[in-house]
Amino acid sequence: MADGFLDHVGAVLAGIEAEGLMKREREITSPQGAWVTVAQPGEPGRRMLNLCANNYLGLADDPRLIAAATQATASHGYGMASVRFICGTTDLHRALERRLAAWLGHDDAILFAACFDANGAVFEPLLGEEDAVISDGLNHASIIDGIRLCKARRFRFANGDMADLQAQLQAARAGGARFIMVATDGVFSMDGTFADLGAVRALCDQYGALMMVDDCHATGFIGPKGKGTPAQAGVSADILTGTFGKALGGALGGYVAGAQPVIDLLRQRARPYLFSNALPPAVVGAALAAIDIAEVASDLRARLAENAAHWRAGLEALGFTLLPGHHPIVPVMLGDAPLAQAFARALGEEGILVSAFFFPVVPRGRARIRTQMNAALRREDLDFALAAFGRVGKALGVI
Ligand SMILES: *Cc1c(COP(=O)(O)O)cnc(C)c1O
């Protein structure tokens, strides 16, 4: 080991700790769900109400998904031990790609190990140095990284600011770009706000640009049949990326859906596809079952929307500052990282599992508790949590 290297790393860690930015992970010993058991040092695990999972439809411990995963493991084994193009493709992988494409209204789809990989993969093969990519300022880290990996000229517009997007489209056109791609999250995950895809689509059409949408926090529970934000806005994305790690069962896996030549080229050139293992059959089989459930889950979507409305109204009545909106992501704004951490800790004592979000995940001074609703939460769970938020808010002088 090079002299001083571990001292240097230790000093960086000490700096993170001193700034109050250290993240600590809790160990859950039960399935993911509305209530989870969290390991406590030296004590039996503690039951806690979970308000920070991306388990929007409550499918993470659904017996139908567990059965589908078990069945796919029995029929196709545990692991693929190969990338897709060598010997990692099963009939289940292709069935899932076709099923996704048909559900989401695209020609075809391609699977990745995660949406982080899908976003890392999608730009570089499709855009060259003659091209431009214009990215919303609040886009997910994986989009930012994916754009860094491609040679296209980069432009950025202020979050949701359509006048700025238009200015960037004009700048890209004036710069002589061959193709322009506008990239946006369908839902901005730290704020729980929606992109105005109707307006983005109209500007893309006006300037002859492509629209890429990352719909991780929408697919399965937003829009008709859970098809996500483009369907909700009545438009189509040229390229759509998404995850199986959130509403669709919460395991892992991502995808890109789009026009046939786009998917065909990604299969030839996308580096995280070519140089990384195929998804295991259990995940693929369960994802197929999750889509079957999500497509017809209007009851779960209705419960989720009711929970989100009740939760927002309850927090507002207590006097908390929320970011406005109607997505099941409900951020409770606190400002300081140490306050947000103290708040999360105090809620933990009350039996509520929440997580503080602070720099570098959100800007400095914009720390928050990001609460998330799901369809598995019952009304009494939410009222239990509202009472605890009230006590902690008063104790910490937030309300
Ligand atoms: C969660 C998320 C991702 C990453 O998805 P994984 O499948 O967990 O890698 C990408 N983009 C957005 C907007 C997300 O919220």
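Student: What makes domain 1 and domain 2 the divisions of this chain?

Tutor: The chain is divided into domain 1 (23-57 + 298-395) and domain 2 (63-295), with bounds that come from an automatic or database domain assignment. This is a predicted model, in which local features need pLDDT of at least 70 and side-chain atom pairs count only at pLDDT 80 or more, while totals for chains, interfaces and linings use all residues. Residues are numbered from 1 along each chain as its sequence is written, and side-chain values use heavy atoms, with hydrogens and water left out.

Student: How much area do domain 1 and domain 2 bury between them?

Tutor: Buried area is the accessible area (1.4 Å probe) that two parts lose on being put together, summed over both; for domain 1 and domain 2 this comes to about 1,500 Å², 60% of it on carbon and sulfur atoms.

Student: How do you know that the span of helix α2 agrees with its 14 residues?

Tutor: Helices are DSSP runs of H or I, at least four residues, numbered from the N terminus, and the expected span is 1.5 Å times one less than the number of residues. For residues 63-76 that gives 20 Å, and the end C-alpha atoms are 20 Å apart, so the two agree.

Student: Which residues of α2 are called buried, and which are exposed on the other side?

Tutor: Buried means under 20% relative accessible area and exposed over 50%, with partly exposed in between (1.4 Å probe, protein chains only). Leu65, Ala68, Ala69 and Ala72 are the buried residues of α2. They cover an arc of only 100° around the axis, and therefore lie on the same side of α2, the arc being that of the directions from the helix axis to the C-beta atoms. On the other side of α2, Pro63, Gln71 and Ala74 are exposed.

Note on methods:
Helices (H or I, at least four residues) and strands (E, at least two) are DSSP runs, numbered from the N terminus.
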